[in-house]
Every structure is written in C-alpha cells, then in structure tokens.
Amino acid sequence: MHLSTDGTKPIYVQIAEWIETEILNGNFQPDDKVFSQYKLAEMFTINPATAAKGLNILTDEKVLYGKRGLGKFVTTEARSIIVDKRKNQTLKGLILEVALEADRLDVDEEELIEMLKLTMKKQKGDV
C-alpha cells in the first residue's frame, strides 16, 4: 500500500483504514496479532508514533485489543464493527454525493440504479 501525503487525510487514519481493509480481506482473523507500531513504521517509512496513533484509533473503536507486552490483536467483533462503520459513514456519504450529482445532471432514479447495477456486475466480472 502507498500512503498519500497530499494532506487530505492524516497518515494515522490511512494506517487505521489499511488495517481495517486487511481485516475485511481476511488477512487478519479474530485474535490474530497485527503489525506492531515499529513494523508499520518500517513498512510505510513513517514515525512509530504515527503508526501507534492509527493502532490506537482501532483500539478505541474495539477493532483491536491490546495484550500488555505482546501487542495488538483483532477482536472477534472487528469485521462487523468495520462493516457497520463503512456502511454508515463511507457508503452513505458516497451515495449522497452521487445522488446530488445525479440530480444536477438530471439522471433519474431508474437510470442511476441501472448504472449502479452495471458497475457492480463489471466489478464482479459478470460483464
């Protein structure tokens, strides 16, 4: 993964989102140990404190839990927490933007739904 340094999203948030995506992709399972702040710092060439801040966000959100002296681990609820968060924040925000743009372009609901269906089919390789 490449971190964006254009200033639109803090690095520690990008680290947290990367770990979330790794969990969603099945690369980290419940009770798996995730990378330490030092390993993340090495992987992404960032300050360990920045990596720690990303890990702490996920700990605060109950996606990770800590074992003193051993590191951070994935909670059993991690996947559902991430899915709920991304549905309620990310997807709803994107849908709002798309709906507003569709309205500006006079794209009706039926056409918009067909565009979405076609895009999803392409994403799955059905087209």
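**Figure 1. Two domains in a predicted model.** The domain assignment of this protein gives domain 1, covering residues 11–76, and domain 2, covering residues 86–124. The model shown here is predicted. Between the C-alpha centres of domain 1 and domain 2 there is a distance of 31 Å.

**Figure 2. Helix 1 against helix 3.** Here we look at helix 1 (residues 11–24) where its axis comes within 8 Å of the axis of helix 3 (residues 48–60), with a crossing angle of roughly 55°. That angle makes helix 1 oblique to helix 3. The crossing of the two is right-handed. From helix 1, the residues to look for are Ile11, Tyr12, Val13, Ile15, Ala16, Ile19 and Glu20. They meet Thr50, Ala51, Lys53, Gly54, Leu55, Ile57 and Leu58 of helix 3. Sorted by class, the contact of helix 1 with helix 3 holds 10 nonpolar, 2 polar and 2 charged residues.

**Figure 3. Helix 2 against helix 3.** Helix 2 (residues 37–44) also has its axis within 8 Å of that of helix 3, and here the axes cross at roughly 120°. Helix 2 and helix 3 make a right-handed crossing. On the helix 2 side, Gln37, Tyr38, Leu40 and Ala41 make the contact, and helix 3 brings Pro48, Ala51, Ala52 and Leu55.

**Figure 4. Helix 1 against helix 2.** How are helix 1 and helix 2 placed relative to each other? They pack at an angle of about 100°, and their axes are 12 Å apart. Helix 1 and helix 2 are therefore roughly perpendicular to each other. The contact of helix 1 with helix 2 has 6 nonpolar residues, and no polar or charged ones.

**Figure 5. Helix 5 and the glycine that follows.** How far apart are the end C-alpha atoms of helix 5 (residues 109–124)? They are 23 Å apart, which agrees with the 22 Å that its 16 residues should span at 1.5 Å a residue. Follow the chain just past helix 5 and you come to glycine 125, which takes a positive phi of about 85°.

Key. Residues numbered from 1 in each chain as written. Predicted model: local features only at pLDDT ≥ 70, side-chain atom pairs only at ≥ 80, totals over all residues. Heavy atoms only, no water. Domains from an automatic or database assignment. Axes fitted to C-alpha atoms, helices over the stretch in contact; angles between N-to-C directions. Helix = DSSP H or I, 4+ residues; strand = E, 2+ residues; numbered from the N terminus. Parallel < 35°, antiparallel > 145°, perpendicular 65-115°, else oblique. Left-handed = near helix turned anticlockwise from the far one by under 90°. Contact = heavy atoms within 4.5 Å. Nonpolar A, V, L, I, M, F, W, Y, C, P; charged D, E, K, R; others polar. Expected span 1.5 Å × (residues − 1).
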